[in-house]
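Hi everyone, thanks for making time for this. Let me put the model on the screen and then walk you through it.

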Amino acid sequence: MKKIPQRVCVGCQSSAPKRELLRIVRTPEGAIEVDPTGKKSGRGVYLCPREECVERAVKAKRLEKALQGSVGPQVLEALRGQVVAKALSGPRVVRIP
């Protein structure tokens, strides 16, 4: 059985499989970006794909502390867009009468 890598969300501080979380990275050039592939080089942090976690991380300035830099409004908008996209593409519950 293969081990599944776990990461901690900076918003809610809970542990989850790496594939279920969104990655935000500070590149070696200093730019802060949303990393949908999870493979960009640089310092990365992870967030649950829930709006509550994004808001908690922004309000408590955990993103800025973890990335050791300021997070711009365009990055926050891209992050919120990723959260919505991930929520829409997630598993759907089908109810059978």
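Arg-19 counts as exposed because its relative accessibility is 76%. For the cut-offs, exposed means over 50% relative accessible area, buried means under 20%, and partly exposed is in between, with a 1.4 Å probe and protein chains only. Arg-19 sits in the loop between strand S2 (15-17) and S3. Its C-alpha atom is separated by 9.1 Å from that of Ile-4, and the two residues are 15 apart along the chain.

Before I go on, a word on what you are looking at. This is a predicted model, in which local features need pLDDT of at least 70 and side-chain atom pairs count only at pLDDT 80 or more, while totals for chains, interfaces and linings use all residues. Residues are numbered from 1 along each chain as its sequence is written, and side-chain values use heavy atoms, with hydrogens and water left out.

Now the overall layout. The protein has three helices and five strands, and from the N terminus on they run β-β-β-β-β-α-α-α. Both kinds of element are DSSP runs numbered from the N terminus: helices are H or I with at least four residues, strands are E with at least two. Of the 97 residues in the protein, 31% are buried.

Let's go to the sheet. What is the strand order? It is S4-S3-S5, an open sheet of three strands with antiparallel pairing. Here two strands pair if DSSP finds at least two bridges between them. Strand S4 (32-35) and strand S5 (43-47) are the edge strands, each pairing on one side only. From one strand to the next, the twist averages 25°; the axes behind that angle are lines fitted to C-alpha atoms, for helices over the stretch in contact, and angles run from 0 to 180 degrees between N-to-C directions.

S3 is largely enclosed by the rest of the structure, because four of its five residues are buried. Four bridges join S3 to S4, and five bridges link S3 with S5. Arg-26, for its part, has Ile-32 as its bridge partner in S4. S3 and S4 also form a hairpin with five residues between them, and Gly-30 in the turn has a positive phi of about 100°.

On to the helices. In helix H1 (residues 51-59), which residues are buried? They are Cys-53, Val-54 and Ala-57. Seen down the axis of H1, the buried residues fall within an arc of 100°, so they line one face of the helix; the arc is that of the directions from the helix axis to the C-beta atoms. On the other side of H1, Glu-51 and Lys-59 are exposed. As a reminder, an α-helix has 3.6 residues a turn, so residues three or four places apart point the same way.

For those of you who check backbone torsions, there are two spots to look at. Most residues other than glycine have a negative phi. Lys-61, though not a glycine, has a positive phi of about 60°, and this residue is found in the loop between H1 and helix H2 (62-67). Gln-68 also has a positive phi, near 55°, and lies in the loop between H2 and H3. At 54% relative accessibility, Gln-68 counts as exposed.

Last, the largest pocket, with a volume of about 350 Å³. Of the 15 residues that line it, Lys-18, Arg-19, Leu-21, Thr-37 and Gly-38 are the closest to its centre. Strand S3 (22-26) and helix H3 (73-89) are the elements that give two or more residues to the lining. A pocket here is an open set of points on a 1 Å grid over the protein atoms alone, where a 1.4 Å probe fits, with protein on both sides within 12 Å along at least five of seven lines; lining residues have an atom within 4 Å of a point. The volume is the space filled by probe spheres set on the points.
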